[in-house]
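Biologist: Please take a close look at a single part of this model, the place where the ligand sits. Describe what surrounds the ligand and how the protein meets it.

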Amino acid sequence: MKPFEEFRFKIVILGDGAVGKTSLIQKFTKGVFEKEYVKTIGAQFSKYNKKIDGDIIRLIFWDIAGQIDFNFLNHLFYKEAKAAIIVFSLETNDLGQKSFIHITNWYKELEKYCGTIPVVTFANKVDLVDKNRLNESKIQKLAKENNFLGYYITSAKTGEGVIEAFNAIIDKLYFKYKKLSSID
Ligand code: G3D
Ligand code: MG
């Protein structure tokens, strides 16, 4: 029998300020994470481990501290990221609308530093909108145009969709790297 393996994945969480990046990480890790702040690049990271089929997955989520704009992040933030989550807010106010438009900017920036890595987008704060009036086709279109793996509707407040959304990207990474390691 093959021994259990260990995987390390750095996942960067991008998106405008106040869309819920930090809240989402907290919700997913249930607050059980080691958080460290890297002052020089205005970023923080949270470590979280999970097990899949006996293998250990060591996750590091990198998150922007404060309201840093896409032009200000330096390469250290993106270095060796294996996947990215781009968060926007479904709120119909200015913040929400801008955060949706800015997804493409965040993605371009990511691509510049990381090339083509798996990306998903989280449409957060669904608790603040009327679900019947949600324009999902707009999100779907954007995800398709940018070749994202998918989009997930979430609420860091109620927890809706959060665990499923994080697990989807983590599972994808796990199966990708598990497959690669079995070829070695
Ligand atoms: P950021 O890390 O992207 O900057 P934060 O965003 O996680 O700091 O969240 C910004 C604010 O939005 C916080 O409110 C937080 O509680 C709120 N928030 C995050 N996710 C959700 C959500 O899904 N639904 C709702 N209703 N609020 C959310 P405060 O008031 O603490 O600034
Ligand atoms: Mg934050």
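Modeller: A polar contact here is a pair of N or O atoms within 3.5 Å. The model is predicted, and the distances below are computed from it.

With that cut-off, start with Asp-127. An N or O atom in the side chain of Asp-127 is 2.7 Å from a nitrogen atom of ligand 1. Two further pairs involve oxygen on the ligand side. Ser-155 also takes part through its side chain, where an N or O atom lies 3.4 Å from an oxygen atom of ligand 1. With Ala-156 the backbone is involved: one of its backbone N or O atoms is 2.8 Å from an oxygen atom of ligand 1. As for cover, ligand 1 taken alone exposes 660 Å², and the protein buries 62% of that area.

Now the wider surroundings. The shell around ligand 1 is made of 15 residues. Asp-127 and Ala-156, already named, are among the closest, and Ala-18, Lys-21 and Ser-23 belong to that closest group too. Sorted by class, the shell holds six polar residues, five charged residues and four nonpolar residues. Which helix gives the largest share of the shell around ligand 1? That is helix α1, which spans residues 21-28 and supplies three residues of the shell.

Conventions. Residues numbered from 1 in each chain as written. Chains lettered and ligands numbered in written order. Predicted model: local features only at pLDDT ≥ 70, side-chain atom pairs only at ≥ 80, totals over all residues. Heavy atoms only, no water. Near = heavy atom within 4 Å. Polar contact = N/O pair within 3.5 Å; in protein donor to acceptor, adjacent residues only side chain to side chain. Areas by Shrake-Rupley, 256 points an atom, 1.4 Å probe, with all protein chains shown as cover. Helix = DSSP H or I, 4+ residues; strand = E, 2+ residues; numbered from the N terminus. Nonpolar A, V, L, I, M, F, W, Y, C, P; charged D, E, K, R; others polar.
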